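User: Hello! Could you take me through this model, with the cut-offs behind each term?

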Number of protein chains: 2
Amino acid sequence: MSRSPTATPSAGQTRVAFRLRVTLDQVIAIGPGKVQLLEAVRDTGSITAAAKSIGMSYRRAWLLLDELNGALKSPAIASAKGGTTGGATTLTDVGEQVIALYRHIERTAAEACAADMRRLLGLLRA
Amino acid sequence: MSRSPTATPSAGQTRVAFRLRVTLDQVIAIGPGKVQLLEAVRDTGSITAAAKSIGMSYRRAWLLLDELNGALKSPAIASAKGGTTGGATTLTDVGEQVIALYRHIERTAAEACAADMRRLLGLLRA
């Protein structure tokens, strides 16, 4: 589908976005923000660089990752010596699984619903 | 699935929520709020009663329905004599279709992704 759930909205464009949120004790344990951040950590190798790459404050990124780690049986990220403020941060197997499952769920949902999505879009002004 | 996309969150409960939003020119044309409101109009027969039943101001309900109608090729609701402030409001065929397609998409997505959802939930603390 050209209408990707992760596409950036732009004027004059119709966009269908599926957002999946896993809520644990009323906190969003896994959602689009945390998954995007996790991908940025994977791609940049540090929380500082990851936060910067998605226009998020370091403090907010740290809090989101802490929340995510707290919700998981075992952490999504591992920080090398130097701690979370300085050292390199890598994803654990669990972190990789969270990204893979989340993105796969989004794709599966979009594919399973493609026909109904087209019908729904067909009700809209062109 | 017991974890319904429309279930109310409660403490101590893990909840998986799929939210579908159709964005047209950067405005959410169809999303969970508008669909819930449309269902309330269908169930109550008036915008005033619908707004009250979901704890929304009349003004906000009217604006959301106006936005929805504007995004559609033909309106989702029809108001009888007395206008939108007083008369009865019913759903058009298009309004019924919006609800049916939206809810069907949610169910289809949840069913298609059930296995991956369980895997994702399996990564979380019990």
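Analyst: Happy to. Let's start with burial: a residue is called buried under 20% relative accessible area, exposed over 50%, and partly exposed in between (1.4 Å probe, protein chains only). This is a predicted model, in which local features need pLDDT of at least 70 and side-chain atom pairs count only at pLDDT 80 or more, while totals for chains, interfaces and linings use all residues. Residues are numbered from 1 along each chain as its sequence is written, chains are lettered from A and ligands numbered from 1 in the order in which they are written, and side-chain values use heavy atoms, with hydrogens and water left out.

User: Is Glu39(B) buried or exposed?

Analyst: The relative accessibility of Glu39(B) is 15%. Because the limit for burial is under 20%, Glu39(B) counts as buried.

User: Which residue meets Glu39(B) in a salt bridge?

Analyst: A salt bridge here is a side-chain nitrogen of Lys or Arg within 4 Å of a carboxyl oxygen of Asp or Glu. The pair links helix α1 (residues 32-44) of chain B, which holds Glu39(B), to helix α5 (residues 93-112) of chain B, 64 residues apart; helices (H or I, at least four residues) and strands (E, at least two) are DSSP runs, numbered from the N terminus. At 2.8 Å, N to O, the partner of Glu39(B) is Arg103(B).

User: How many salt bridges are found across the interface of chain A and chain B?

Analyst: Over all chains, the whole structure has 10 salt bridges. Across the interface, the rule does find 11 residue pairs in polar contact, both residues at pLDDT 80 or more. (A polar contact is a pair of N or O atoms within 3.5 Å; within protein, one must be able to donate a hydrogen and the other to accept it, and residues adjacent in sequence count only if both atoms are side-chain atoms.) For salt bridges between chain A and chain B, the number is zero.

User: Which element gives the most to the side of chain A that touches chain B?

Analyst: Contact means heavy atoms within 4.5 Å, and 42 residues of chain A are in contact with 42 residues of chain B. The elements giving two or more residues to that side of chain A include α3 (58-71), α5 (93-112) and α6 (114-122). With 11 residues, the top contributor is β1(A).

User: What area is buried between chain A and chain B?

Analyst: Buried area is the accessible area (1.4 Å probe) that two parts lose on being put together, summed over both. Carbon and sulfur atoms give 65% of the total. On chain A's side, Leu120(A), Leu123(A) and Arg125(A) supply 17% of what that chain buries, more than any other three residues. The area between the chains is about 4000 Å².

User: Which residues of chain B does Ile30(A) contact?

Analyst: Ile30(A) is among the residues with the most contacts inside the largest nonpolar core, which has 75 residues. Such a core is a set of buried Ala, Val, Leu, Ile, Met, Phe, Trp, Tyr and Cys residues joined through side-chain atoms within 4.5 Å. Leaving aside neighbours within four places in sequence, Ile30(A) has contacts including Leu20(A), Val35(A) and Leu68(A), and from chain B, Leu120(B) and Leu124(B).
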